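Reader: I am new to this structure and would like to go through it with you. Could you show it to me?

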Amino acid sequence: MKRTAATTALAVGAVIALSACVPGPGADAAPTAMQTPTPTETTPAYEAGTVVDVVTATEMNADREGQYRAYPMPDGTNIVIERTAPLPDAVQADVNSKGEALAQQYPKNTDIHTPRGQQAVGEQVGAITQATGKKVILVIRENGYDYDGNAITNYYPTGQMGPDGTIRSKAELEANINAFLADKNANEYVVVWPN
């Protein structure tokens with residue numbers, strides 16, 4: 001009987017001693033491996049208009065549905081553009097220069113409406129879409145003559161907006177494009193104006 005009582009007393013003493021080692025409610029417990037946060041991958045944030053290296057540009061452009069793209073400039077640099085934001089000024093100037101090059105290559109309405117001219121228009125729209133990730137409205141400028149033989153310059157849109165007839169005033173065409181974009185997210189489009 002005495003041995004049992006002594007054993008019980010020792011067991012109770014051990015429990016009390018062990019409980020003193022366990023932190024009570026509200027005490028700071030030592031972190032365990034289970035509590036360590038798992039790192040998560042996040043998409044890096046880019047700023048439109050900044051220059052990125054070739055490796056970063058390649059990675060950005062591999063993600064066809066990504067928010068950002070890297071636009072290749074003629075000098076070999078790559079400028080970040082955002083799919084749902086206006087193009088940086090330098091990029092807009094470069095796409096406009098492509099529109100101007102097309103107008104110079106096919107200056108007359110008899111040139112631009114040939115099979116080769118129409119192919120060049122399609123190629124230009126495709127190349128700008130590829131480079132920007134945006135829907136393209138390419139403004140065509142062509143020189144011709146009115147019914148009285150007077151020299152005139154015509155403008156009309158092609159690409160996403162499609163030709164809607166010849167417009168002889170740049171201001172009128174701009175108003176038509178703005179009306180077309182009024183119920184859309186205009187930043188998802190790029191309007192390419194020849195200089």
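Reader: Which residue forms a salt bridge with lysine 98?

Author: Lysine 98 is bridged to aspartate 94, and their closest N and O atoms lie 3.6 Å apart. A salt bridge here is a side-chain nitrogen of Lys or Arg within 4 Å of a carboxyl oxygen of Asp or Glu. Please note that this is a predicted model, in which local features need pLDDT of at least 70 and side-chain atom pairs count only at pLDDT 80 or more, while totals for chains, interfaces and linings use all residues. Residues are numbered from 1 along each chain as its sequence is written, and side-chain values use heavy atoms, with hydrogens and water left out.

Reader: How many residues apart are lysine 98 and aspartate 94 in helix H3?

Author: They are 4 residues apart in helix H3 (residues 89-105), so about one helical turn separates them. Helices (H or I, at least four residues) and strands (E, at least two) are DSSP runs, numbered from the N terminus.

Reader: Is aspartate 94 buried or exposed?

Author: Aspartate 94 is buried, at 8% relative accessibility, whereas lysine 98 is partly exposed at 30%. Buried means under 20% relative accessible area, exposed over 50%, and partly exposed in between (1.4 Å probe, protein chains only).

Reader: How many salt bridges does a search of the whole structure find?

Author: The search finds 4. Among them is the pair of glutamate 123 and arginine 116, with closest N and O atoms 3.8 Å apart. Glutamate 123 is partly exposed at 41%, and arginine 116 is partly exposed at 40%. Another joins aspartate 183 to lysine 184 at 3.0 Å; here aspartate 183 is exposed at 64%, and lysine 184 is partly exposed at 31%.

Reader: Turning to cavities, what is the volume of the largest cavity?

Author: Its volume is about 40 Å³, and the search of the whole structure finds 1 cavity of 30 Å³ or more. On a 1 Å grid over the protein atoms alone, a cavity is a set of points where a 1.4 Å probe fits but cannot get out; lining residues have an atom within 4 Å of a point. Grid points are joined across faces, edges and corners, and a volume is the space filled by probe spheres set on the points.

Reader: Which residues line the largest cavity?

Author: The lining consists of Gly99, Leu102, Ala103, Tyr106, Ile112, Val139, Ile140, Arg141 and Pro194. H3 and strand S4 (135-145) each supply at least two residues of this lining. The lining residues divide into 7 nonpolar, 1 polar and 1 charged. Ala, Val, Leu, Ile, Met, Phe, Trp, Tyr, Cys and Pro count as nonpolar, Asp, Glu, Lys and Arg as charged, and the others, Gly among them, as polar.

Reader: In what order do the 3 strands form the open sheet?

Author: The order is S5-S4-S6, with mixed pairing. The edge strands are S5 (151-159) and S6 (189-192), each pairing on one side only. Two strands pair if DSSP finds at least two bridges between them.

Reader: In which sense do S4 and S6 pair?

Author: They pair in the parallel sense over 4 bridges. Valine 136 has valine 190 in S6 as its bridge partner, and lysine 135 stands opposite tyrosine 189.

Key: 1 Å grid on protein atoms, 1.4 Å probe; cavity = no way out; pocket = protein on both sides within 12 Å on 5 of 7 lines; lining within 4 Å.
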